[in-house]
Amino acid sequence: MAENSFQPFTRRQTMIRRDFEIYRYRYMDEVELHHHDFYEIYMLLRGSVSYTVENRIFHMRAGDLMLISPLELHQARVDSNDEPYERIVLWVDRGYLESLSSPHTSLTRCFDTTVPGHTNLLRLPGPRSADRGHPYPDPAEIAPSLPAGLSCGSGEVFSRYNALGMAFLDGSA
């Protein structure tokens with residue numbers, strides 16, 4: 001991926017587009033504990049990060065996804081500056097995500113903190129990013145191994161996210 005595919009880091013925590021925004025960042029300045037009124041999907045590509053969500057601390061690895069619901073207090077903290085820190089952040093408007101759902105698939109359910117077994121951190125099985133050349137899991141490996149209660153059309157959700165991420169990395173998004 002070309003160096004110019006990284007966006008300059010911004011502390012802005014509001015959306016400027018109506019439906020969604022996607023950013024790929026390398027490094028960052030410290031961001032205070034914050035919340036916003038849209039969904040956030042954070043994918044760690046490289047580095048070591050502790051992610052705090054509503055007083056719970058998650059230690060992330062490359063390829064992990066963090067699902068943040070609107071108004072959840074959260075903060076990423078880089079554990080070490082010894083290695084590059086890269087991530088993709090997808091912000092999605094509430095109404096837009098609901099409009100993508102169907103009567104059989106609620107794309108907002110995986111963000112629902114009232115669902116038994118809910119977790120903000122998704123650590124997907126399969127080969128590590130270094131083994132596959134990219135951090136995106138094979139969608140066929142995902143659905144059978146997701147936590148119970150994560151029934152938001154998970155295979156479809158991750159397949160779409162995978163395709164979006166790969167298009168972004170290839171420069172076609």
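How many of the eight residues of strand 2 are buried?

**View 1. Strand 2 (residues 39–46) and its burial.** Seven of the eight residues in this strand are buried (under 20% relative accessible area; exposed is over 50%, partly exposed in between; 1.4 Å probe, protein chains only). Strands (E, at least two residues) and helices (H or I, at least four) are DSSP runs numbered from the N terminus. The model is predicted: local features need pLDDT of at least 70, side-chain atom pairs count only at pLDDT 80 or more, and totals for chains, interfaces and linings use all residues. Residues are numbered from 1 along each chain as its sequence is written, and side-chain values use heavy atoms, with hydrogens and water left out.

**View 2. Partners of strand 2.** Strand 7 (residues 86–92) pairs with strand 2 in the antiparallel sense over seven bridges; pairing requires that DSSP finds at least two bridges between two strands. Leu44 stands opposite Arg87 of strand 7. Strand 5 (residues 65–68) is also antiparallel to strand 2, over four bridges, with Leu65 as the bridge partner of Met43.

**View 3. Salt bridge between Glu86 and Arg46.** The N to O distance is 2.6 Å; a salt bridge is a side-chain nitrogen of Lys or Arg within 4 Å of a carboxyl oxygen of Asp or Glu. Glu86 lies in strand 7 and Arg46 in strand 2, so the pair ties together parts 40 residues apart in sequence. Glu86 is buried at 4% relative accessibility, while Arg46 is partly exposed at 38%.

**View 4. Salt bridge between Asp64 and Arg123.** Their closest N and O atoms are 2.7 Å apart. Asp64 is buried at 1% relative accessibility, and Arg123 is partly exposed at 36%.
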